[in-house]
Amino acid sequence: GASGSRSAASDAETMSKLEGHMANEVSLVVLDLIEMLTREYQNKLESDCGDNIAMRKVFDVLMSFLRLSPSESVTRHVFASLRAFVNKFSASLFQGDSSFCEALCYEVLMMCNSPLKSIRTEASALLYLLLRSNFEFIGSGCVRVHIQSVAALSKMIGSGSIGASDLSLKRSLATVAQYTTDEGMPKEFIAEVRDLTRKLGEVLLHTASLKDHEKDPEVLVDLQYKLAKNYANSPEQRKAWLESVSLIHVKNRDYSEAAHCHLHVAGLVSEYLKRRGEHTLGSKQFSFISPNIPREEGGIKEDSGMADTQRYSEHTLIQELETCVSLLDKAERYEVTCDVYQLLLPVYQRNRDFEALAQAYGTLSQACKKVVEAVKSGKRLLGSYFRVAFFGQPFGDDDGKQYIYKEPKVTPLAVISQRLEELYCAKLGRIELIKDSTKVDVEGLDPTAGYIQVTFVEPYFTKADRKSG
């Protein structure tokens, strides 16, 4: 009985090994066949910049190898085939439709997160080759790989394919950055590679911090804003993160801040449409409302091969500006409502949209009346402001730093002090409030304990600010 069991187990193990060897052999035969096809029919595959059925089938087979996770030995051959593909078909990857580059960047970044060091090494080398080939094909910059890599990481995080605390991808990004020290490549290319690896690393870092600060709206918004800045070169992702920031502001009744998030989105859309030649407005047209809009939204990179679904329209711009008007009314920022309509009215007039014009002039009339009433009564309360200072090792990088907090309407000092004390006691343990508003003697504090000082402050406006506001 025992010998029979051992024999059955041995047969199963043998069969398993045979199946493994067979799978490897089949995989290598398919890769050899793809190599032969790409060599013999290269011109046909390159037709229409690769936008043909034959190319899509060859590319899909190569991508399926990465998705199905073959053996480690076969994966090395897959990466060799992909390197040959990148070198042969640069036009298909970096010119025309961006779907090939988009899919490849996503799968390569997934491989960069592999627990196996050998796979990560191959994937890092392929990502670097993509960047270098993009740079050499275009002649300057590697916009497509840059944009699609950032978009791919966003997709991976959103789908749960990668945890923000995973170290494997961070190690791969460090390897890619290290490659720039080994070759005499142009300084522009080196800067582009390091900028991308830094940006992807920051996205992972800030995403990891989001869950730690879910109940701290000020820190959460700051992290979301930093993520939005990292997506400055990827309009779709930046728009999504700015809208996330807006939702947090609305939840906390910070309607003015929420409106400015949508103004930034409108500036982004406007800049994109202007570069496409589909609109006359650009982000600079928003500078009289906020100088930050052209500064942050005017530097977008665009990929001419992006799919139509990723494009914006004038309708998107109108929707964003109309959302701003609604939020500004809730915030009682009636003067800014008038400024926003300076951008909207010409669009309505050009489109001969008389219904929208009638509604706009009605809203403007009400806004102007409310401004007059507010000035006469002096009862409009736009918020309370506080200086919040953190001291002690429990606060980490925030030790010794000061921030300005804005609270809704008339918020007493005691209310914000209690909120912050409860928040940080739950997060860090015992926290002590410094109730004196004078300068804190840091030397007299216990460095291992946490201290918070909250002081009421008033906004200060220069003469130039008062004239422009």
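Visitor: How many cavities of 30 Å³ or more does a search of the whole structure find?
Guide: This is a predicted model, where local features need pLDDT of at least 70, side-chain atom pairs count only at pLDDT 80 or more, and totals for chains, interfaces and linings use all residues. Residues are numbered from 1 along each chain as its sequence is written, and side-chain values use heavy atoms, without hydrogens and water. A cavity is a set of points on a 1 Å grid over the protein atoms alone where a 1.4 Å probe fits but cannot get out. For 30 Å³ or more, the search gives 1 cavity.

Visitor: Which elements give two or more residues to the lining of the largest cavity?
Guide: About 60 Å³ of space lies in this largest cavity. Its lining (residues with an atom within 4 Å of a point) includes L31, I34, A84 and F85. Two or more lining residues come from each of these helices (DSSP runs of H or I, at least four residues): α1 (2-40) and α4 (72-88).

Visitor: Why is strand β1 largely enclosed by the rest of the structure?
Guide: Strand β1 (a DSSP run of E, at least two residues) spans residues 384-391.

Visitor: Which residue in β4 does F386 stand opposite?
Guide: β1 pairs (at least two DSSP bridges) antiparallel with β2 (residues 402-407) over 6 bridges, and Y385 stands opposite K406 there. With β4 (residues 450-457), β1 runs antiparallel over 7 bridges. In β4, F386 faces F456.

How values were computed:
Buried means under 20% relative accessible area, exposed over 50%, partly exposed in between (1.4 Å probe, protein chains only). On a 1 Å grid over the protein atoms alone, a cavity is a set of points where a 1.4 Å probe fits but cannot get out, and a pocket is an open set with protein on both sides within 12 Å along at least five of seven lines; lining residues have an atom within 4 Å of a point. Grid points are joined across faces, edges and corners, and a volume is the space filled by probe spheres set on the points.
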